[in-house]
Amino acid sequence: MGIHRLNHAVLYVSDLARSVAFYRDVLGFRPVAMTPDGFRGATFLQAPDSTNDHDLGLFEIGAGAGRSTAGRATVGLYHLAWEVDTLDELAATAQRLTAAGALVGTSDHGTTKSLYGQDPDGLEFEIVWLVPADRLDDAALAARKRIGRLDLAAERQRYGGQTRGGIGISVPA
């Protein structure tokens, strides 16, 4: 089976309108008209600049649903990771997540620079920028074995805020 990429994810949420607003207003996803006739309680969203017909499906299960306990009390998905093109976009996303009270952590994995967030139901996600292949050096490769503190200003200074990430890694050179 030759997998090329993740096409979409589907999440169960307690309040559809609240979740749609979060993914739309904080992360820039846009609803797409593809919910089957007669099907209620679902919305499909497309990420900015995506070529997928949808990247995220949200299915409402009701206000009585508890927050996710995956990894703490139950098995389940830890997080999804979405890639952004530039460190400037990563910084802007950090600001939006912070303003929404949804930024729960950051990290520097050497070859990836990451933000961690939680949606209104406590479902976690990661937003990453990948160091382009032609900018990988021994220090970045060695740092994959640790989780460091992300200094986004220093990374923008080092790589440039508009340097396109992932080239030669997740995006063909």
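This is a predicted model: local features need pLDDT of at least 70, side-chain atom pairs count only at pLDDT 80 or more; totals for chains, interfaces and linings use all residues.
A pocket, as the word is used here, is an open set of grid points where a 1.4 Å probe fits, with protein on both sides within 12 Å along at least five of seven lines.

**First stop: the second largest pocket.** Its volume is about 270 Å³. Select Ser68, Leu77, Tyr78, Leu123 and Glu124, which lie nearest its centre among the 17 lining residues. Now colour β1 (9-13), β5 and β8: these are the elements that give two or more residues to the lining. Domain 1 (9-60) and domain 2 (80-159) each supply at least three lining residues. Colour the lining by class and you will find eleven nonpolar, four polar and two charged residues.

**Second stop: leucine 123.** Leucine 123 sits in the loop that joins β7 (112-118) to β8 (124-130). Leaving aside residues up to four places away in sequence, show its contacts: Leu11, Tyr12, Ser68, Gly117 and Gln118. Then pick leucine 80, which is 43 residues from leucine 123 in sequence, with 9.1 Å between their C-alpha atoms.

**Last stop: the largest pocket.** This one has a volume of about 1,000 Å³. Select Ala47, Pro48, Trp82, Glu83 and Val84, the closest to its centre of the 27 residues in the lining. Next, highlight β5 (79-83) and α2 (87-99), the elements that give two or more residues to this lining. Where does the largest pocket lie? Both domain 1 (9-60) and domain 2 (80-159) give residues to its lining, so the pocket lies between them. By class, the lining holds eleven nonpolar, eight polar and eight charged residues.

Methods: Residues are numbered from 1 along each chain as its sequence is written. Side-chain values use heavy atoms; hydrogens and water are left out. Helices (H or I, at least four residues) and strands (E, at least two) are DSSP runs, numbered from the N terminus. Contact means heavy atoms within 4.5 Å. On a 1 Å grid over the protein atoms alone, a cavity is a set of points where a 1.4 Å probe fits but cannot get out, and a pocket is an open set with protein on both sides within 12 Å along at least five of seven lines; lining residues have an atom within 4 Å of a point. Grid points are joined across faces, edges and corners, and a volume is the space filled by probe spheres set on the points. Ala, Val, Leu, Ile, Met, Phe, Trp, Tyr, Cys and Pro count as nonpolar, Asp, Glu, Lys and Arg as charged, and the others, Gly among them, as polar. Domain bounds come from an automatic or database domain assignment.
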